[in-house]
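Reader: Hi! I'm new to this, could you walk me through a structure?
Author: Happy to, let's open it up.

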Amino acid sequence: MKTIQTLLGGLSVAEFLRDYWQKKPLLIRKALPAFEGLLDSQQLIDLACGEDVQARIVTQHGGKFGLQHSPFEPGDFEHFGKKKWTVLVQGVNHHLPEGAELLKLFSFIPHARLDDLMVSYAPRGGGVGPHFDSYDVFLLQGAGHRRWQISTQQDRTLIEGAPLRILKDFRVEQEWVLEAGDMLYLPPHCAHNGIAEDDCMTYSIGFRTPAYQELAEQFLVYLQDRIEVSGMYADPDLKAQKHPSEIGPAMLDQVEQAIKQVRWDREDIANFLGCYLSEPKPHIFFDSPERPLSEAKFRQALQKQGVVLDLKSQMLCHAGWIFVNGEEFEAGKDDYPLLRQLADERELPAGADIPDACAELLYQCYLDGYLTPR
Ligand code: SIN
Ligand code: CO
């Protein structure tokens, strides 16, 4: 509890949520007093050159921005000349256990809202320019210093034709220089600009806010495999019509009644959300174990060592249902609390009393590469 209060600058979670979350920025000096970062700039560049990593390089020269997307190779980081530059790597928590541990500190926000941990490195002057995000974000400073400028301006006009979303007229209202362990919370749409003062690494803990249009479209996709509409069109009472090209009212009435059979309830919506929000991003793949343990050996390992989610796994739950990486499972009454514990903490300790059906489900997840004995 004490750590959380330090993290939130002396506020309780309830106070932070009431007064700041989604409402206004909050600067927290020494949010994580001992934090110096989780990796150095070379390790981040190595990560940016990895195959299954999403990364960007942003350059600036004479007021013009450039943007490149991964895949990268080490040579891409060698010839910046006079250009200011920064590299930003998404999903660092999928590659670095310490990244996943860092995210656990932010578990006071539901996992369903969490996006990922992005880490950036920039030498002096580097940054992505003034912009706004539609995300909530905690910007935690690692090594070096970053000057953050923010504005609550409503003018969100962007520079036309720029490769990134850069605000045309950014009017700084407040600015601070953050050092290791300091943190800035920004609600969605708060304009900001981060400029590296020296060799600077920033850890962005990002939370997504899905657009309703996307949710509704994806819900219909989810529903299409689950609906049951009985019967078939029939017209034994067909009447002659003057214009054969016209869709007649009798046909329309019949089809309207058929389509009204498409129904959904709150459970369908919950299960859709669980699948949708735990669905891995398209570049994420899971590796099944090369030489998998037998189910009996896996159960022994479960008892002796406990189990831990793969760094890339997303696990959510709701009312007896478990959602892992876009798949849904109905859990038994005795299994649900354990599986929810695994979803909450990303691990189950050794020695837990695990019912048979639960062990079976965990074994299936193990074979899919979603989790592993510790
Ligand atoms: C960064 O440069 O590390 C942060 C990017 C952002 O402002 O979203
Ligand atoms: Co931003």
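This is a predicted model: local features need pLDDT of at least 70, side-chain atom pairs count only at pLDDT 80 or more; totals for chains, interfaces and linings use all residues.

Reader: Switching topic: which residues surround ligand 1?
Author: Counting residues with a heavy atom within 4 Å of it, the surroundings of ligand 1 are L88, M118, S120, V128, H131, D133, R146, W148, H192 and T202.

Reader: How far is a polar side-chain atom of S120 from an oxygen atom of ligand 1?
Author: The distance is 2.5 Å for S120. H131 has a side-chain N or O atom 3.2 Å from an oxygen atom of ligand 1, and a polar side-chain atom of H192 also lies 3.2 Å from a ligand oxygen. A polar contact here is a pair of N or O atoms within 3.5 Å; within protein, one must be able to donate a hydrogen and the other to accept it, and residues adjacent in sequence count only if both atoms are side-chain atoms.

Reader: How much space lies in the largest pocket?
Author: About 690 Å³. On a 1 Å grid over the protein atoms alone, a pocket is an open set of points with protein on both sides within 12 Å along at least five of seven lines, a cavity is a set where a 1.4 Å probe fits but cannot get out, and lining residues have an atom within 4 Å of a point. Points are joined across faces, edges and corners, and the volume is the space filled by probe spheres set on them.

Reader: Which residues lie nearest the centre of the largest pocket?
Author: R56, Q90, M118, H131 and D133, out of 29 lining residues. Elements giving two or more residues to that lining include β4 (84–89), β5 (114–122) and β6 (136–141), and β5 gives the largest share, 4 residues. By class, the lining has 11 nonpolar, 11 polar and 7 charged residues. Ala, Val, Leu, Ile, Met, Phe, Trp, Tyr, Cys and Pro count as nonpolar, Asp, Glu, Lys and Arg as charged, and the others, Gly among them, as polar.

Reader: How many cavities of 30 Å³ or more are there?
Author: A search of the whole structure finds 2. The largest cavity holds about 280 Å³ of space. Among its 25 lining residues, L103, H111, L114, Q314 and R346 lie nearest the centre.

Reader: Last one: at what angle do helix α9 and helix α10 pack?
Author: Helix α9 (residues 336–345) and helix α10 (residues 356–367) pack at about 35 degrees, with axes 9 Å apart. The axes are lines fitted to C-alpha atoms over the stretch in contact, and angles run from 0 to 180 degrees between N-to-C directions.

Reader: Which residues of α9 and α10 meet?
Author: L338, L339 and L342 in α9 meet C358, L361 and L362 in α10, where contact means heavy atoms within 4.5 Å. The residues of this contact are 6 nonpolar, no polar and no charged.

Terms used: Residues are numbered from 1 along each chain as its sequence is written. Chains are lettered from A and ligands numbered from 1 in the order in which they are written. Side-chain values use heavy atoms; hydrogens and water are left out.
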